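Hi everyone, thanks for having me. Let's look at this one together, strand by strand, and then step back to the whole assembly.

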2 protein chains.
Amino acid sequence: MSDFLELAARRQSCRDFADKPVEHDKLVKCAEAARLAPSGCNAQPWSLVVVESPDKVKEVAACTQLLGLNKHNDKAQAFFVAVEEPATLMPKVASLLDSQIFAKGDLGGFVLSLCLEAETQGLGTCILGMFDRPKLREILGIPDDRYIFLLVSVGYPASDRVRNKIRKPAEEFVRYV
Amino acid sequence: MSDFLELAARRQSCRDFADKPVEHDKLVKCAEAARLAPSGCNAQPWSLVVVESPDKVKEVAACTQLLGLNKHNDKAQAFFVAVEEPATLMPKVASLLDSQIFAKGDLGGFVLSLCLEAETQGLGTCILGMFDRPKLREILGIPDDRYIFLLVSVGYPASDRVRNKIRKPAEEFVRYV
């Protein structure tokens with residue numbers, strides 16, 4: 001197994017964080033991994049808010065607890081908030097395609113890069129797509145015309161158990177021609 | 001620098017492939033890395049066509065060469081074709097959000113996982129978003145109601161030079177609160 005396959009297997013949604021603060025430098029390294037992610041025409045259609053001050057972390061955690069979900073975020077130590085920004089594509093491409101066509105895919109790689117780097121730093125992450133967007137916008141001062149793409153909660157995992165991943169077997173989604 | 005940061009810095013768009021076939025087993029490992037990618041509600045809204053037979057590779061390469069772009073794909077040895085599939089979300093989530101809301105971000109992580117595993121196998125990749133979708137659909141028998149998300153060309157790089165990445169500096173897209 002390659003190192004990357006091992007890392008991909010180890011990264012999992014962490015839903016039990018330890019009561020242990022996360023070092024600022026580790027969050028910086030996660031942001032650096034995201035910065036290096038690829039994007040269509042290298043447009044980098046993203047911005048990132050790293051929430052680490054305890055008061056703000058509590059406020060953001062509350063935004064994720066809709067419908068009784070995500071109780072585990074009471075113990076999150078930090079959050080990454082990934083925001084979609086306007087993309088400027090190469091003129092040849094922009095003449096044929098909508099300028100935001102690649103943005104959501106690019107942000108998907110951006111967020112996964114954060115999580116993979118967090119995993120190498122011994123941190124657990126949980127990617128969250130459903131949260132109180134208007135409230136979060138207000139708390140973090142994110143402009144109305146920007147889409148808040150995903151939230152990631154961060155902390156040290158309370159346990160080091162790696163669960164088996166539940167995925168479709170290869171033969172159900174890959175074919176070779 | 002963590003191993004992952006090093007890997008993220010090494011992965012780059014390869015636009016000069018060597019005249020050297022790519023082993024089937026390496027392509028299988030890339031697909032395995034993608035299989036392990038995270039997705040909203042673990043819906044795995046993706047399928048993958050791995051194109052490796054030389055005749056098909058030539059036909060797919062031709063689909064990428066619009067507007068005089070992507071001449072380098074004449075030397076591609078294989079392609080990954082990532083296709084968006086319908087997502088089934090958890091009922092609580094599905095009651096509030098469009099079922100495909102996370103799919104493009106999920107596919108972004110899926111494709112990046114392919115590319116990162118390829119890099120660990122010594123392979124170069126180039127992610128392509130603009131190509132002749134109707135023609136490709138026909139060549140590969142992809143149903144009309146499925147969106148062909150991205151193509152990735154694959155081969156051994158002709159050179160092992162790692163270019164410096166051109167990216168916004170951190171201070172232009174990250175803030176810490």
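In chain B, strand β2 (residues 78–84) and strand β4 (residues 147–155) pair in the antiparallel sense over seven bridges. Two strands count as paired here if DSSP finds at least two bridges between them. Strands are DSSP runs of E with at least two residues, helices are runs of H or I with at least four, and both are numbered from the N terminus. As an example of one bridge, B:E84 has B:Y147 as its partner in β4(B).

Before I go on: this is a predicted model, where local features need pLDDT of at least 70 and side-chain atom pairs count only at pLDDT 80 or more, while totals for chains, interfaces and linings use all residues. Residues are numbered from 1 along each chain as its sequence is written, and chains are lettered from A and ligands numbered from 1 in the order in which they are written.

Back to β2(B). How many of its seven residues are buried? Seven of the seven, where buried means that 20 or more other C-beta atoms, placed from the backbone, lie within 10 Å of the residue's own. In a regular strand, side chains alternate between the two faces of the sheet. Here B:A78, B:F80, B:A82 and B:E84 point one way, and B:F79, B:V81 and B:V83 point the other way.

β2(B) also pairs with β1(B), antiparallel, over six bridges. One of the partners is B:V81, which bridges to B:V49. Now follow B:V49 across to the other chain: B:V49 is the bridge partner of A:R175. Three bridges join β5(A) to β1(B), and these two strands run parallel.

So what does the meeting of the chains look like overall? 63 residues of chain A are in contact with 62 residues of chain B, contact meaning that C-beta atoms, placed from the backbone, lie within 7 Å. α5(A) gives the most to chain A's side, with twelve residues.

How do the two copies relate? Chain A can be laid on chain B with an RMSD of 0.0 Å by a turn of 180 degrees and a shift of 0.0 Å along the axis, superposed by least squares on C-alpha atoms of residues with pLDDT of at least 70 in both. That is the relation of a two-fold axis. Also, 98% of the interface residues of chain A are interface residues in chain B too, so the copies meet through the same surface.

Finally, chain A itself has six helices and five strands, and buried residues make up 49% of its 177 residues.

Note on methods:
Two residues are in contact if their C-beta atoms, placed from the backbone, lie within 7 Å. A residue is buried if 20 or more other C-beta atoms lie within 10 Å of its own, exposed if 12 or fewer, and partly exposed in between; C-beta atoms are placed from the backbone.
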